[in-house]
Amino acid sequence: MPPPRTRGTALRQRLAELRGPEVPAKALDARALAALAANPGCRRRAILDGAGVNKTALADALGAPSAFGQSQFALTRGNAFEAKVKADGGAELLRLVHAKLDRAAEPPERAHVPDLTATGPEGRTARTALALREAGEAPGTWTLLDHPMLALDVAGSPAFLEPDAVVVHPDGSWTVVEIKSFPMLDGSADPAKVGAAARQAAVYVLALEEVAARLSEHGTAPRVRHRILLVCPKDFSNQPTASAVDIRKQRAVTARQLVRLTRIEEIADTLPEGTCFDPALPSAALTAAVESVPATYTPECMSACELAFHCRDRSRAAGAVTSLGRAIRADLGALSTVDDVLAAAHGTAGDPTDPAVAALRRAARLRAEALGAREAVTCP
């Protein structure tokens, strides 16, 4: 007699059915988890990522191929910059960590760089945990973990994550290091890119906290710092500079989203029987399956989600104000479509006591007055 199905195995079976019985799962990475945190209201992305659906193949099958992703040139440039930052045993990287995050510690004249080589992601994860534990047992020294492997439980399955680096300080605390190829000009970088890096680092911090919690069973729990080091090229050069970034807000948002992901069975239960996102399905059936899950499209999706073109087209066709951006959507309150907004502005619909409606009508009057004044000036 086969063993009874537990809640976890039942969920995995349900997700496999949604993905397609013969379709392998696409592993979640930190970039995908960070994108989920950036748009926590999108049930479509939550269920697709939770089920391990390859959204690139799905977008191609829907006729809306994605341009999302880095160019080969950007990848090559980023790898070259990261190698420069980590040269000589990470001397420059550790100098930046000391200068930006831990001036009270002894300068890192030397650092221990453990070998994290192992077989498979599970082996590398175990080797990373061992290296972190050994670093904690040698207080007063700096340790640099180059591309460690961390595991984070997502929807009942481990997601294997690989940060650029983790530094163990002399006091035993841990810092996540993110190395990016976009520049810092006069000490600051593009806020949107910094925000994306912070959300990605928040995923690594959560994974490190799980490691720290397991190590605490055998002693004192190591402290995972909530200020990460963001390393970028300085101005227009290839010289590294860095900034300390507080990611507590991003960590909290990501943690809430992961809790939601562990309950994706609630989303799955709302789907019609037989729903499947296998890209090999006929176009009509695949479109119906995707549209059965509500999406929350925003312009920011264009740089974070492979289905952005498909969702943008659907959002525009429905006249949804979310396609104009989160800030505008928030200002419009209960007005959810462009037609609702125009009707409210022209006075044919909407509650006049609603602040959004009142503001729209005032804006419409001012526009009419401005256009009328302009016509009066230009008339002979």
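This is a predicted model: local features need pLDDT of at least 70, side-chain atom pairs count only at pLDDT 80 or more; totals for chains, interfaces and linings use all residues.
Strands S2 and S5 run antiparallel to each other and pair over four bridges. They belong to an open sheet of six strands, ordered S1-S2-S5-S6-S7-S8, with mixed pairing. At the edges stand S1 and S8, each with a single partner strand, so one side of each has no neighbour in the sheet. Elsewhere in the order, S6 and S7 pair in the parallel sense over three bridges, and here Ile-179 stands opposite Val-231 in S7. Strand S7 is largely enclosed by the rest of the structure, because six of its seven residues are buried.

| Strands | Sense | Bridges |
|---|---|---|
| S2 and S5 | antiparallel | four bridges |
| S6 and S7 | parallel | three bridges |

**Helix H5**

Helix H5 covers residues 72–85, 14 residues in total, and spans 20 Å from its first C-alpha to its last, close to the 20 Å expected at 1.5 Å a residue. Its buried residues are Ala-74, Gly-78, Phe-81, Glu-82 and Val-85. Viewed down the helix axis, these fall within an arc of 100°, so they line one face of H5. As background, an α-helix has 3.6 residues a turn, so residues three or four places apart point the same way. On the other side of H5, Gln-72, Phe-73 and Asn-79 are exposed. The cover over the buried residues of H5 includes helix H6 (87–101) along with strands S6 (174–179), S7 (227–233) and S8 (240–246).

**Nonpolar cores**

The largest nonpolar core has 69 residues, and those with the most contacts inside it are Leu-33, Ile-47, Leu-152, Leu-161, Trp-174 and Phe-277. Helix H8 (residues 191–215) supplies the largest share of this core, with 13 residues. A second, separate core holds 17 residues, among them Val-97, Val-167, Leu-229 and Val-231. In soluble globular proteins, nonpolar side chains tend to be buried together.

Setting aside residues up to four places away in sequence, Gln-200 touches Ala-30, Arg-31, Ala-34, Glu-178 and Lys-180.

Methods: Residues are numbered from 1 along each chain as its sequence is written. Side-chain values use heavy atoms; hydrogens and water are left out. A nonpolar core is a set of buried Ala, Val, Leu, Ile, Met, Phe, Trp, Tyr and Cys residues joined through side-chain atoms within 4.5 Å. Buried means under 20% relative accessible area, exposed over 50%, partly exposed in between (1.4 Å probe, protein chains only). Helices (H or I, at least four residues) and strands (E, at least two) are DSSP runs, numbered from the N terminus. Contact means heavy atoms within 4.5 Å. The expected span of a helix is 1.5 Å times one less than its number of residues. The arc is that of the directions from the helix axis to the C-beta atoms. Two strands pair if DSSP finds at least two bridges between them.
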